[in-house]
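Open the model in your viewer and follow the stops below in order. Each stop says what to select and what to look for there.

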Amino acid sequence: MIDAHEKLDFRVQQWIFKQGWDRLREIQCLAIDPILTGCTDVLISASTAAGKTEAFFLPAISAIAEDKRGVGILYISPLKALINDQDRRLESLADILDLQVTPWHGDSAQGRKSKLKRNPSGIVLITPESLESLFIRDSGWVKSAFQNLKHIVIDEFHAFIGTERGHHLLSLLHRLEHLLGRLKNPIPRTALSATLGELETVPLSLRPNKSLPCKIIKQTQSSASLKMQVKGYIETNTAVGDAVRAEHLVCNDLYELCRGGNHLVFANSRSRTEILAAVLADMCESNAVPNEFFPHHGSLSKEMRETLEARLQQERLPTTAICTMTLELGIDIGKVNSVVQVTAPHSIASLRQRMGRSGRRGGASILRMLITENELTEQSSIVDQLRLELVQSLAMVRLLVANKWYEPADSSLLHFSTLLHQILALTAQWGGIRADQIYSLLCKDGPFQHVTVAHFKCLLSHMGNTELITQLGSGELVLGHAGEKITNHYSFYAVFKTPEEFRIVSGSKTLGTLPVDSLILEGQHIVFAGRRWVVELVDVEKKVILVNRAKGGQPPKFGGAGMAIHDVVRQEMFKILCEGDYKIKVGEHRIEFADETAQSLFQEAAKFFQTANLAKTNFIQQGNRTVILTWAGDKIVNTIVAVLISKGFAAGAFAGIIEIEKADAQDVIDALKSFQTDGTISADQLAKSIPEKAIDKFDEYLPENLLLAGYAARAFDVLSTKLKIKELLTDFVS
DNA sequence: GACCTGCTGCGGTATG
């Protein structure tokens, strides 16, 4: 192990020495052999700033140092900003070895791209979309430039797993191996990530056809400790005016906790981000101190975001960013003093990623969660009485800290939208291609292995009928009229969908953009970029909203869908309510991590849970309404709701609790019993009643039956639901 | 009671 670094290229060793490192980290030593040999894929799982990128590049660069014909390393990133960071970080190492590094994305310098075109060599840093555009526009160059490719590395791999974009990436990598004649002798892939749940399943997500084995390298000694606290707040119902709004208590605490240091506050929605930033900036103003609270989210312009990122990184002025997931991935902002999560996190995986942003110079990570619950009244719902937002937050903390568990990706998705995209892309790339070639490349040996021959045939014939593709007399498929039009536009390269957005302009300055699904009226007051504005003009043609500064205002309504809580999280919530205790057991001790308000809110919830005997009660009759407590994830909850609606009930779900209006519990139970024994109700059947099934970018071009099947696989799980209902009915005592 | 990511080629004008 000590001598591992001696296998690296001499100049790489010199570079390590120059950095003043006394030795390589464990993961860096472990990565040397597998990457130098290049006979396996490698998965490197280690926390942020543990040196994952170097763990790959030190041996990979050593492996290509002697042979500079063509591009040797292909680095793929989900973000342009990461490519720019990586370009900067690789500069000194690449200089020593006289290696060319080329960042290649929509905004990178044309000069460096054309240099690579003339003289392909060294390292290319690229996005999946830019790689797709190279395939379609210049696959001949790709074939010659990458002929000598030794390694592919994917950064922030968790951001791809289970998504449309991830499937696109896998398809691109497979097409690359095919183009280079490397299907039998695959190019080794390395995946880097800090947040991977169920590690042993990840290699299949990296190479679904298993044509190479995968070596897993995991950081063992995690020296970093975690300090964490859940703080509770109560939203009072007293008359407007003298009410102590929980929001102000939250902001008072944020002001006290964050002022004077560097912090990240994750607020979960762009509108809440704007509200908190505005209130905190006002507090600075009324206290006559310089403002150090700024918003950061996807609707803000690149310039505003980059200014804030630079301010955080420089560490000259104390800075707190109130942000959405834009600051979750590894953009270079250095480490911050602490991370605050306001309202419950959406998933443990993202909580873990956020937590990793704090902890300076080997110090502890500090994470606080600020959770607000409503004051209880006679009319309070079960959700309020059970304090579900707080209980969910506590359960997530336990799963993160004690179980080290994160949500795995949903592997049941069919990705038909991306399959259609890839059929068009392949046809555009080759000019003409046979149906059986497409099938074997994408489905039989490629990443769409779940697609049946029948589905594939149906898709192709529908694409023919809609003029996306045309079959020549020779049997070859070429692009049809509609297919030409779609693939010729630059918007084709990305497989994910973006809603139309309006630009928000004040004077001559663009402040950012807003999705059009929010209704904005002239004269309306909005909060944007941390300030208040009044809308002067909405230009529908130019998609511009003109605004002026204003004194007061309501926040813009941002659109969006619901979220999916995993089975494991709901089971953990059930468990802590049953036990009446959420504290984490460490040896003989039980660690308290909630403040007094959060403790008493939890006690209220546990008392209600016990009094109503909810450990053993799944069906509750409340007047003429029936309530079902399943403690299952949202896929099962949604399936039960759809089943009940299909049987004529007025059912809905809130925070995982199913409510059926004007229904007798016994009738609901009978309906569920009949569903259980009825073999004819399938997920497809349930999906038929959904009015809008087109969700992904190319869904609108799919034949009805595939659209149905794709939606059904995403939203419903009939088998697990039947099992869950069996369990619920066994416990039922009428 | 949601969030985020990415993409081209060309024509116009300004600047050195």
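**Stop 1: M228**

Select M228 and the residues it touches: leaving aside residues up to four places away in sequence, these are L367, M369, V397 and F593, where contact means heavy atoms within 4.5 Å. This is a predicted model, in which local features need pLDDT of at least 70, side-chain atom pairs count only at pLDDT 80 or more, and totals for chains, interfaces and linings use all residues. Residues are numbered from 1 along each chain as its sequence is written, chains are lettered from A and ligands numbered from 1 in the order in which they are written, and side-chain values use heavy atoms, with hydrogens and water left out.

M228 belongs to strand 8 (residues 226–235); helices (H or I, at least four residues) and strands (E, at least two) are DSSP runs, numbered from the N terminus. Is M228 buried or exposed? M228 has a relative accessible area of 17% and is buried, a term for values under 20%, with exposed over 50% and partly exposed in between (1.4 Å probe, protein chains only).

**Stop 2: helix 19**

Now select residues 567–579, which form helix 19. Its 13 residues should span 18 Å at 1.5 Å a residue, and the end C-alpha atoms are 18 Å apart, which agrees; the expected span is 1.5 Å times one less than the number of residues. Colour V569, R570, E572, M573, I576 and L577, the buried residues of this helix. Viewed down the axis of helix 19, they fall within an arc of 160°, so they line one face; the arc is that of the directions from the helix axis to the C-beta atoms. The cover over these buried residues includes helix 12 (348–355), helix 14 (388–403), helix 20 (596–611) and helix 21 (634–646). After helix 19 comes G580, with a positive phi near 65°.

**Stop 3: DNA strand B**

Finally, select DNA strand B and the 36 residues around it, of which K80, R137, G298, R305 and A655 come nearest; a residue is near if one of its heavy atoms lies within 4 Å.

For phosphate oxygens of DNA strand B, show a backbone N or O atom of R270 at 2.8 Å and one of G106 at 3.0 Å.

How values were computed
A polar contact is a pair of N or O atoms within 3.5 Å; within protein, one must be able to donate a hydrogen and the other to accept it, and residues adjacent in sequence count only if both atoms are side-chain atoms.
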